[in-house]
Number of protein chains: 2
Amino acid sequence: MQQVSLSPDSGVPLVDQIVHAIRGQIDDRLLRPGARLAAIRQFAELHGVSRFTVVEAYDRLVAQGYLQSRRGSGFYVAHRSVPERTPERVPLEPGAFDAAWLMRQALDAGSEGLRASAGWLPRSWLDEEGLRRQLRAILRNEDSNLSDYGRPQGYLPLREHLPFRLAESGIAAQPSQIVLTHGATQALDMAIHHFVRRGDAVLVDDPGYFSLFGCLRLHGARLIGVPWTPEGPDTAELERLAAEHKPKVYFTQSVLHNPTGACLSPANAYRILQCAERHDFHIVEDDAYCDLHPGQTTRLAALDHLDRVVYIGSFSKTLSGNLRSGFVAARPDIADALTDIKVLTSLATPQAVEEVVYRMLTEGHYRKYVERLRTRLGEATARALRMLERVGLTPFIAPQGGVFIWARMPGLDDAVALAASAARESIILAPGTLFRPQSQASPLIRFNVVYANDVRLERFLARALDKLA
Amino acid sequence: MQQVSLSPDSGVPLVDQIVHAIRGQIDDRLLRPGARLAAIRQFAELHGVSRFTVVEAYDRLVAQGYLQSRRGSGFYVAHRSVPERTPERVPLEPGAFDAAWLMRQALDAGSEGLRASAGWLPRSWLDEEGLRRQLRAILRNEDSNLSDYGRPQGYLPLREHLPFRLAESGIAAQPSQIVLTHGATQALDMAIHHFVRRGDAVLVDDPGYFSLFGCLRLHGARLIGVPWTPEGPDTAELERLAAEHKPKVYFTQSVLHNPTGACLSPANAYRILQCAERHDFHIVEDDAYCDLHPGQTTRLAALDHLDRVVYIGSFSKTLSGNLRSGFVAARPDIADALTDIKVLTSLATPQAVEEVVYRMLTEGHYRKYVERLRTRLGEATARALRMLERVGLTPFIAPQGGVFIWARMPGLDDAVALAASAARESIILAPGTLFRPQSQASPLIRFNVVYANDVRLERFLARALDKLA
């Protein structure tokens with residue numbers, strides 16, 4: 001190997017300088033695979049650095065795959081096949097639209113992509129500084145546990161805190177009824193494991209949350225769509241479908257329903273619970289958007305007192321999608337069964353993450369922060385509604401809050417081809433068919449109100465409507 | 001409310017003092033539920049503090065459930081039902097032993113409990129300081145993403161790094177073939193989703209990993225146990241069972257097998273792959289203990305080049321069980337399908353956690369740290385083997401490394417009653433029946449070599465054997 005030139009006064013640690021220099025020689029093929037490096041003592045003497053510095057540099061190069069260590073014989077340049085770069089997958093063809101595809105598109109979209117299909121807020125809206133502050137606090141706290149497995153039901157202080165939050169929505173729960181999860185998505189998967197067997201009929205909202213549909217299909221459920229109105233499900237249809245299909249469970253979203261943004265009316269809530277009683281089915285109420293609703297609204301779990309209703313909450317929309325934290329609240333026997341399922345399918349949830357969530361919720365700023373989010377969302381919704389009106393789309397309702405507008409594209413039977421042509425311009429749209437239990441055609445599109453205010457979307461839609469006219 | 005006494009010079013922030021004082025008044029019933037608190041301005045003037053301080057204190061009390069805020073009317077003491085404390089569940093009766101029970105026992109065991117059943121290392125053995133250091137580095141890095149959802153397959157730099165590590169075990173994989181998961185447990189659940197339908201025959205090691213069995217049962221699989229020898233599965237039996245049951249998949253552990261600690265011999269490995277070829281089944285190779293093996297050993301994934309073999313790895317044993325990080329490496333089409341399953345069942349994995357893992361692996365100390373762990377484990381194993389010999393148990397093998405000794409209790413047909421009486425003394429044992437696919441009786445017990453060196457265990461076993469004699 002060639003001598004490496006080091007600058008002890010440059011401010012860059014010597015270890016980093018050595019790592020960088022040797023990597024450079026390997027990348028430039030000055031050091032060939034199989035070549036033996038100078039022994040540690042020799043390198044140290046030659047460069048006037050400590051042996052410890054050389055050991056650390058060589059170790060790091062081993063960890064990075066540049067060197068191999070052969071016991072008793074020294075360090076050699078590794079034979080490495082260079083991994084391909086950015087190996088994310090190519091977008092699928094139109095026609096291959098499905099739930100997993102859409103999620104992956106939205107998650108994979110680079111900084112260029114316009115994620116008008118996203119079900120969440122942009123990173124810049126979230127309190128990343130608050131997350132960093134609370135993580136720092138945890139790092140200062142010797143008692144915080146970063147390495148040992150967490151408890152099966154999750155971090156106890158968070159489970160003791162959540163009942164106070166739930167009480168604000170009228171939901172009475174004890175900490176023992178709460179199981180913390182990797183986001184609402186895992187909570188839904190656990191509920192499906194508990195209630196659903198392959199071939200079972202399961203009631204879902206039509207339209208409804210496509211990722212839930214995907215997960216239900218994965219478990220082999222037969223999806224029965226209950227038509228959704230601006231006030232919740234069509235309860236006459238619910239009654240008829242329950243009688244016909246004898247479902248064990250109905251998955252629904254009462255607050256800021258995905259994709260329509262509508263909320264359940266109290267009268268509808270009561271009829272749903274009566275119907276569940278009559279036909280003996282359970283209800284899984286997914287309340288992932290709860291904190292984004294600006295006022296009081298009805299939850300099935302509050303009326304039913306967590307008897308037939310299993311309630312799911314999430315911190316992904318207001319705190320962090322990255323950290324994956326959510327929870328389920330249920331009757332004690334169901335909470336118990338869900339804990340077993342959690343342990344068998346993922347063992348535990350990260351206590352360190354749950355400590356961050358707990359601190360974010362209890363350090364006093366959360367309420368104000370969420371109020372600010374609601375105000376901003378209200379403004380974004382109003383602007384997006386005006387934009388959609390300008391280009392000529394018709395919203396299903398004008399939502400009271402939340403992230404979504406569900407709007408109809410005129411002159412179309414199905415929005416899939418439109419979404420495919422949008423994807424070619426790096427605009428990710430969520431065509432209505434994804435939100436239908438049998439992937440029926442739909443002329444509607446779900447828009448994220450924040451991303452919808454990007455001028456590229458208005459231009460794209462205007463051009464598309466011009467072509468249709 | 002009573003006036004609060006504040007000490008501005010005490011070093012305790014005023015907000016904390018106010019929160020503490022008001023909580024005290026509420027807990028002591030000096031402030032009753034429904035009572036109205038002093039208005040913010042009034043409180044501030046009375047105590048000579050800024051209004052901002054009072055707002056923050058009240059907000060925090062609202063977040064903690066002590067106060068309620070009524071818009072336009074002020075702050076009131078909340079009507080709160082006090083949640084029960086430490087609501088973890090009571091231990092089950094003997095006879096109700098099952099996989100979920102055992103995991104929950106081991107995870108729930110308080111500081112008093114002796115977790116001789118644990119499948120992991122004690123927290124004090126892990127590099128918690130290293131985790132904190134890397135988390136601090138992430139907090140300093142503006143580019144680290146704490147709030148936005150991660151990529152579907154997981155954090156790219158970690159996926160680009162893992163191929164170098166896998167290459168050391170002879171496994172060739174591209175980053176696109178790697179999917180990061182919430183620990184090995186989620187990876188197993190994803191593989192089950194992919195390969196198994198309710199009623200399908202699935203081959204497993206007998207004895208084998210009980211949490212895998214629990215998850216397979218949850219998915220409705222029919223478990224077919226392949227007898228396990230000190231050199232891996234009995235391949236003649238494997239051949240016979242494959243012909244009889246036509247399984248689609250065989251779940252096995254080639255390195256430091258759980259519970260026996262044995263490793264697959266190269267000759268056996270070859271025969272297994274031939275058998276898989278002949279009977280057209282896949283193999284899921286769970287290598288959760290890989291880094292704890294002291295030498296070179298055979299992996300099916302290395303021989304097969306990730307064709308029929310799906311390979312699962314984990315960082316739970318060497319870095320942190322808490323953070324829940326693992327991965328799966330598979331043929332491109334299978335990796336693709338597993339990514340879809342991951343997205344549908346848990347959306348994404350926490351990128352912040354994966355950044356910590358990546359930094360732990362690449363900052364150069366990991367190799368030495370793991371070597372230290374191996375040395376300590378070797379010593380603990382030797383000591384535990386001597387202890388078991390002293391009390392009169394017979395080990396299945398003397399393991400070459402890892403966490404487990406699998407040992408036979410003389411004079412017993414089944415170790416369950418023994419485990420139940422141990423549980424009454426807060427000693428958690430893992431009786432052999434848990435590791436058998438049909439929960440058959442077993443006189444063997446799996447010991448964690450670290451916890452086995454607690455003198456309480458030796459005393460308990462000696463007493464138990466006295467009684468049996």
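Predicted model: local features only at pLDDT ≥ 70, side-chain atom pairs only at ≥ 80, totals over all residues.
Below is a short tour, from the contact between the chains down to single residues.

**Where the two chains meet**

- On the chain A side, 102 residues are in contact with chain B, and on the chain B side 102 residues are in contact with chain A.
- Three residues supply more of the area that chain A buries against chain B than any other three: Tyr149(A), Asn322(A) and Leu344(A), with 9%.
- Between chain A and chain B, 44 residue pairs are in polar contact, counting pairs with both residues at pLDDT 80 or more.
- Sorted by class, the side of chain A that touches chain B has 35 nonpolar, 33 polar and 34 charged residues.

**How the copies are related**

- Two copies of a chain are related by a rotation about an axis and a shift along it.
- The same surface serves both copies, since 99% of the contact residues of chain A recur in chain B.

**Pairs of opposite charge**

- Side chains of opposite charge can pair when their charged atoms come close.
- Over all chains, the whole structure has 45 salt bridges, and the count between chain A and chain B is 6.
- How far apart are the closest N and O atoms in the salt bridge of Lys368(B) with Asp59(A)? They are 3.2 Å apart, and this pair joins a residue of chain B to a residue of chain A.
- Within chain A, Arg60(A) forms a salt bridge with Glu56(A), and their closest N and O atoms are 3.3 Å apart.
- Both Arg60(A) and Glu56(A) sit in helix α3 (residues 51-63) of chain A, 4 residues apart, which is about one turn of the helix.

**Domains of chain A**

- Chain A is divided into domain 1 (14-77), domain 2 (99-126 + 368-468) and domain 3 (128-365).
- Between the C-alpha centres of domain 1 and domain 3 of chain A, the distance is 52 Å.

**Backbone details to find in chain B**

- Asp206(B) and Pro207(B) are joined by a cis peptide bond, with omega about 0 degrees. Look for Pro207(B) in the loop between β4 (201-206) and α8 (210-218).
- Another cis peptide bond runs from Asn258(B) to Pro259(B), with omega near 15 degrees. Pro259(B) belongs to the loop between β7 (249-252) and α10 (266-279).
- Although Asp280(B) is not a glycine, its phi is positive, at about 55 degrees. You will find Asp280(B) in the loop between α10 and β8 (282-286) of chain B.

Note on methods:
Residues numbered from 1 in each chain as written. Chains lettered and ligands numbered in written order. Heavy atoms only, no water. Contact = heavy atoms within 4.5 Å. Buried area = accessible area lost by both parts, 1.4 Å probe. Salt bridge = Lys/Arg side-chain N within 4 Å of Asp/Glu carboxyl O. Polar contact = N/O pair within 3.5 Å; in protein donor to acceptor, adjacent residues only side chain to side chain. Nonpolar A, V, L, I, M, F, W, Y, C, P; charged D, E, K, R; others polar. Domains from an automatic or database assignment. Helix = DSSP H or I, 4+ residues; strand = E, 2+ residues; numbered from the N terminus.
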